[in-house]
Amino acid sequence: MPRGLAYPKERANTVHRLSQRARYDLHTIHSIMNSTPVLHVSFNATDSGQGPFPAILPMIGQMGSFSRPSAGLDDTLDCYLHGYVSQRLMKLASENQAEGLPITIAATKCDGLVLSLTPFSHSYNYRSAVLFGYASPVDDAEEKLWAMRLITESVLKGRWENSRTPPESGELSSTTILRVRIVSGSGKIRDGEPHDDKKDLERADIMDKVWTGVIPMWETLGDPVASESNRVEGEPEHIRSFIDETNDNNRAYAQKATKDV
């Protein structure tokens, strides 16, 4: 159930089709963002020789608050994005540092294949979220280091303390962190069983030959494969714990989503 603060419904973020699936509460939207390994970031790049086409990039990012590190997912948060210093998006954000570069961030997770009586009604169980905001480079050294740790920990919990840190000066100078001030957002979730038309449910010839239901789908982390240069025996506990917890959570959500609430 939605809870806590919510993004106000405006023209940009209002869901019109199947609006009963819309979510505007911060907790749901931020949870989807933070559990999606790759975010897709779009921006207007016409001034950089892109032509008439908007640009879209796969990026790593995470919701958080440098000024309020203990803020939860149901609170107002920024989105921090990781990129290389010469990346076009980073250059455009630097050129628009005063107001920030307008960008859109999208995240999608598939939780199941929904198989109905007719191809028209087939679907996915899914969770999706879109955020709108203004991106600016993080110049403060302390905030940049904090954001790099935040993003690293989102890739694999416990990895920051179990790798060579802090980053060297050359690594810091070649990396740009964007802070996106979020102004609007929305989410959309589909879960449950297939919903077929009454006319098809009443046809015995169709009901007797067509299987309907949901095939759960979830992201799974496999067993670690050590590199040729690795000298550590066995699997470090932080890696095994992260794998098991992630797989268990993803499986549980997908299986729960197979049924109507």
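Asp223, Glu235, Arg240 and Asp244 are linked in a network of salt bridges, a salt bridge being a side-chain nitrogen of Lys or Arg within 4 Å of a carboxyl oxygen of Asp or Glu. The structure is a predicted model, in which local features need pLDDT of at least 70 and side-chain atom pairs count only at pLDDT 80 or more, while totals for chains, interfaces and linings use all residues. Residues are numbered from 1 along each chain as its sequence is written, and side-chain values use heavy atoms, with hydrogens and water left out.

Across the whole structure, 15 salt bridges are found. One of them joins the side chains of glutamate 193 and lysine 259 at 3.7 Å, N to O. This pair links distant parts of the chain, 66 residues apart: glutamate 193 sits in the loop between strand 7 and helix 5 (198-201), and lysine 259 in the segment after helix 7 (237-256). Helices (H or I, at least four residues) and strands (E, at least two) are DSSP runs, numbered from the N terminus. Glutamate 193 is partly exposed at 32% relative accessibility; buried means under 20% relative accessible area, exposed over 50%, and partly exposed in between (1.4 Å probe, protein chains only). Another salt bridge pairs aspartate 197 with lysine 199 at 3.1 Å, N to O; here aspartate 197 is partly exposed at 37%, whereas lysine 199 is exposed at 54%.

Helix 3 (residues 141-155) has 15 residues and spans 21 Å from first C-alpha to last, close to the 21 Å expected at 1.5 Å times one less than the number of residues. Glu143, Lys144, Ala147, Met148 and Ile151 are buried in helix 3. These buried residues fall within an arc of 140 degrees (taken from the directions from the helix axis to the C-beta atoms), so they line one face of the helix. The face turned away from the buried side carries the exposed residues Ala141 and Glu142.
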